[in-house]
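Subject: Structure handover

Hello,

Below is the structure I said I would pass on. My notes on what was found follow it.

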Amino acid sequence: MRHTDYTRQAAIHFIRARAGGLSSFDVRHNVPYLFAFRVAELLAQFVVCYTVLKMSTFTPAEFAALYAGFEAPISALNCGERCAPHNEHGVPFCCDIRHAVPTAYQAEWEYLQQNSDLWRLWQPQDEGASAELLDQVPEGQVLIACRGHLACQRSFRSLTCRAFPFFPYVTVGGEFIGLSYYWEYEDRCWVVSNLRVVDPLYLAEFVATFDALFERLPEEREVFRYFSSRMRRLFGRRHRAIPLLHRNGGYYRVTPRNGRLRRVDPQKLPRFGVYKIAAAMPFPDE
Ligand code: SF4
Ligand code: SF4
């Protein structure tokens, strides 16, 4: 499959335009789901990433098994309580419909409809930006909106909810070696600035879920290999190492140019945005 084909077959799709606040537009997508992020002014700055997932090969009932194997919280801490104060709406960024509109595969959407009242189809609030967002939705997926973080039903979170902010990092040679994160959220997602808090059980379930997906859908591994290569190119240009939560449980920096892994103390991984500022304060948890 050529990489350009991903744009037509994308099933996980993440577009993002940064501005902060309500007036730019983000569509984020990665694994079996897509989040569309709406932040208004900066449509011209869209960043689009694609993945392919032929979810038609899954049935709605099979999503129950996928969900059951990926229930562990990302951390013992409630990360939403850490990031929400930095959102002007007081809501965790990845649960704020004004920032993010999730997508679901058709079979996933059918499963959610049959078993929960948590989700509805996302309705555009305005023309223009909304139309552009809708244009980005891959065939076979729908944009969905939940009832909000105060009404979250954890067992019916979409796969996107469960994976965020991570995606499966795949080497040049096609090996799924661990998790890295959607770098577009470095400044907003508290977890990205605190990778040391990721629970080992979460890591294990993430790895097991994607191992299962890749076994059934080998082409999906290629999608993430392509996505990982984009990260390597971008970080290479910025002379940055890629943070990696290795599937062996260790923390590493990946040298983008040659893929070399160097084990690191997770306490020394970088922080970003307000979380970097807070960490430098005398009482960083306040
Ligand atoms: S995953 Fe990141 S953005 Fe989502 S609630 Fe946790 S800290 Fe906030
Ligand atoms: S389902 Fe829950 S975790 Fe997912 S976006 Fe809604 S409130 Fe957030």
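Two strands are said to pair if DSSP finds at least two bridges between them. Helices (H or I, at least four residues) and strands (E, at least two) are DSSP runs, numbered from the N terminus. This is a predicted model, in which local features need pLDDT of at least 70 and side-chain atom pairs count only at pLDDT 80 or more, while totals for chains, interfaces and linings use all residues. Residues are numbered from 1 along each chain as its sequence is written, and chains are lettered from A and ligands numbered from 1 in the order in which they are written.

An open sheet is formed by 5 strands in the order 8-9-10-11-12, with antiparallel pairing. Strand 8 (166-170) and strand 12 (261-263) are at the edges with a single partner strand each, so one side of each has no neighbour in the sheet. From one strand to the next the twist averages 40° (axes are lines fitted to C-alpha atoms, for helices over the stretch in contact, and angles run from 0 to 180 degrees between N-to-C directions).

Going through the sheet in order, strand 8 and strand 9 pair over 5 bridges. They form a hairpin with 5 residues between them, and Gly174 in the turn has a positive phi of about 90°. Strand 9 (residues 176-181) pairs with strand 10 (residues 242-246) over 2 bridges, in the antiparallel sense; Leu179 has Leu245 of strand 10 as its bridge partner.

Two helices pack on this sheet. Helix 7 (residues 200-216) touches strand 8, strand 9 and strand 10, and its direction makes about 120° with that of strand 9. Helix 8 (residues 218-237) touches strand 8, strand 9 and strand 10, at about 90° to the direction of strand 8.

Strand 10 is joined to strand 11 (residues 251-254) by 4 bridges, and Leu245 has Tyr251 as its partner in strand 11. That hairpin has 4 residues between the strands, and Gly249 takes a positive phi near 95°. Strand 11 and strand 12 are joined by 3 bridges; one pair is Val254 with Leu261 of strand 12. Their hairpin has 6 residues between the strands, with Gly259 in the turn at a positive phi of about 75°.

A residue is buried if 20 or more other C-beta atoms lie within 10 Å of its own, exposed if 12 or fewer, and partly exposed in between, with C-beta atoms placed from the backbone. Tyr169 stands opposite Gly178 in strand 9. Not counting residues up to four places away in sequence, its contacts (C-beta atoms, placed from the backbone, within 7 Å) include Ile177, Ser228 and Leu244.

Helix 4

The buried residues of helix 4 (residues 106-115) are Glu108, Trp109, Tyr111 and Leu112. They lie on the same side of helix 4, because they cover an arc of only 160° around the axis, taken from the directions from the helix axis to the C-beta atoms. Among the elements that cover them are helix 2 (60-68) and strand 5 (101-105).

Regards
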